[in-house]
Amino acid sequence: MIADDDPDIVEVLQCMISQEGYRVIKTGNQHTLEDVKKHMPDVLLLDRWMVDSDGLAICKNLKNNIQTNHISVFILSASGDIDQLAREAGADAFIEKPFDMYILLKKIAEII
């Protein structure tokens, strides 16, 4: 699942990840938590800052919920301090934007 409010990033991620054979679901902003609970993805690629949502707060919510804490969460951000913040939120990985798509695909494959 991809949760990002930048349609260009979502389109690129969806295209590349789908080509690897994964089914991709898009979500974003205030619907992210509900969509994650509805679809229960294996991996959530979660933007740090969306218009109406804080990715770190969403990650904490998912990781503190027994029904969703098994979902692997990758925090995506252009912020330089994302590694520490992502760890504190319980994220399984962090990816700095701009990112190398092949490294991201490798991390997804390792998790799945």
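I began with terms: two strands pair if DSSP finds at least two bridges between them. Helices (H or I, at least four residues) and strands (E, at least two) are DSSP runs, numbered from the N terminus.

I noted the ground rules next. The model is predicted, so local features need pLDDT of at least 70 and side-chain atom pairs count only at pLDDT 80 or more, while totals for chains, interfaces and linings use all residues. Residues are numbered from 1 along each chain as its sequence is written, and side-chain values use heavy atoms, with hydrogens and water left out.

**Entry: the sheet**

I traced an open sheet of 5 strands. Their order is E2-E1-E3-E6-E7, and the pairing is parallel. E2 and E7 are the edge strands, each pairing on one side only.

I then followed E6 (residues 72-77) to E7, and found 4 bridges joining these parallel strands. Ile 75 has Phe 94 in E7 as its bridge partner. Ser 77 is partnered with Glu 96, also in E7. With helix H4 (residues 82-89), E6 and E7 make a right-handed β-α-β unit. Right-handed here means that, with the strands pointing away from the viewer, the path from the first strand over the helix to the second runs clockwise.

Which residues of E7 (residues 93-96) are on its covered face? I found Ala 93 and Ile 95 there, with Phe 94 and Glu 96 on the uncovered one.

I moved on to Lys 97, in the loop between E7 and helix H5 (101-111). Is Lys 97 buried or exposed? Its relative accessible area is 17%, so Lys 97 is buried. I used these classes: buried is under 20% relative accessible area, exposed over 50%, and partly exposed in between (1.4 Å probe, protein chains only).

I looked for side-chain partners of Lys 97. Its side chain makes a polar contact with that of Asp 4, at 3.1 Å. The side chain of Asp 47 makes one with Lys 97 too, at 3.0 Å. A polar contact is a pair of N or O atoms within 3.5 Å; within protein, one must be able to donate a hydrogen and the other to accept it, and residues adjacent in sequence count only if both atoms are side-chain atoms. Asp 47 is in strand E3 (residues 43-47). Asp 47 counts as buried because its relative accessibility is 5%.

I checked the backbone against a general rule. Most residues other than glycine have a negative phi, and most peptide bonds are trans. Lys 97 and Pro 98 are joined by a cis peptide bond, with omega about -10 degrees. Met 40 is not a glycine, yet has a positive phi of about 45 degrees. Met 40 lies in the loop between H2 and E3, and is partly exposed at 31% relative accessible area.

I finished with the largest pocket, whose volume is about 260 Å³. Of its 15 lining residues, the closest to the centre are Met 1, Arg 23, Pro 41, Asp 42 and Val 43. A pocket is an open set of points on a 1 Å grid over the protein atoms alone, where a 1.4 Å probe fits, with protein on both sides within 12 Å along at least five of seven lines; lining residues have an atom within 4 Å of a point. By class, I read 12 nonpolar, 1 polar and 2 charged residues in the lining.

Conventions
Grid points are joined across faces, edges and corners, and a volume is the space filled by probe spheres set on the points. Ala, Val, Leu, Ile, Met, Phe, Trp, Tyr, Cys and Pro count as nonpolar, Asp, Glu, Lys and Arg as charged, and the others, Gly among them, as polar.
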